[in-house]
Amino acid sequence: MPTIYLVRHCSATGQEPDAPLTEAGEQQALDLSAFFQDVPIERIISSDYTRAVASITPVANERNLTIEQEPKLRERILSLEPRADWFDLLRHSFDKPSFKLPEAESGLDATARILDVVTQINGPTILVTHGNLLALLLQHVDNQFDFETWRNLSNPDVYQLEIVDNFFSVKRVWSDPACG
């Protein structure tokens with residue numbers, strides 16, 4: 001049964017797809033590599049956003065593994081337009097998973113997208129994604145995870161997902177010590 005390490009990307013300069021890691025984020029990526037040093041990993045699958053790929057590049061280089069870039073691991077599209085009320089909308093979307101703005105993505109849609117990737121994995125794998133999408137997957141696995149879970153995620157953050165006989169269990173195994 002697969003063990004999947006769910007990684008939220010390291011600190012980045014912005015939210016754009018091509019936003020690079022900050023200087024602190026580059027150090028966090030090295031810290032992630034140290035964390036994964038003795039962890040058995042066969043595959044690395046990452047969002048194709050620059051910050052996600054850069055977050056796991058030191059691990060891939062150390063292990064001589066290819067980073068498989070997967071658009072399904074991109075951040076959830078809450079709105080196509082910038083919104084001053086995005087925080088309230090995001091909170092509401094955790095309470096009502098079917099809620100979505102026009103031409104955007106509901107929590108249910110985004111969860112289905114990441115589950116499509118997760119359910120295809122059959123060995124020890126690292127998945128690198130973004131905060132909202134990660135929090136939605138965590139909520140799907142265990143409803144104790146919610147909007148506050150998203151608020152308390154660090155950059156980076158690592159959760160271990162175990163799948164045994166189609167039963168999912170998850171636990172936080174590492175977060176950036178500098179984030180408290």
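The model under discussion is a predicted one.

Let me begin with Ser 55. This residue sits in helix 2, which spans residues 50–63. Is Ser 55 buried or exposed? With a relative accessible area of 1%, Ser 55 is buried, because the cut-off for that class is under 20%. Beyond its neighbours within four places in sequence, Ser 55 is in contact with His 9, Cys 10, Leu 21, Ala 29 and Leu 32.

His 9 deserves a word of its own. It lies in the loop between strand 1 (3–8) and helix 1 (23–35), and it is buried at 6% relative accessibility. Apart from residues up to four places away in sequence, the contacts of His 9 include Arg 51, Ala 52 and Ser 55. Val 128, Thr 129, His 130, Asn 155 and Pro 156 are also among them.

I turn now to the aromatic rings. Across the whole structure, a search finds 10 aromatic pairs. One of them joins Trp 86 and Phe 87 edge-to-face, with 5.7 Å centre to centre and 90° between the planes. Trp 86 is partly exposed at 42% relative accessibility, and Phe 87 is partly exposed at 27%.

Phe 147 and Trp 150 form a tilted pair, 5.4 Å centre to centre with 35° between the planes. These two residues are 3 apart in helix 6 (residues 147–151), so about one helical turn separates them.

Finally, Trp 86, Phe 87, Phe 94, Phe 147 and Trp 150 form one aromatic cluster.

Technical notes:
Residues are numbered from 1 along each chain as its sequence is written. This is a predicted model: local features need pLDDT of at least 70, side-chain atom pairs count only at pLDDT 80 or more; totals for chains, interfaces and linings use all residues. Side-chain values use heavy atoms; hydrogens and water are left out. Helices (H or I, at least four residues) and strands (E, at least two) are DSSP runs, numbered from the N terminus. Buried means under 20% relative accessible area, exposed over 50%, partly exposed in between (1.4 Å probe, protein chains only). Contact means heavy atoms within 4.5 Å. Rings of Phe, Tyr and Trp (its six-membered ring) pair if their centres lie within 6.5 Å; planes under 30 degrees apart count as stacked, over 60 as edge-to-face and the rest as tilted.
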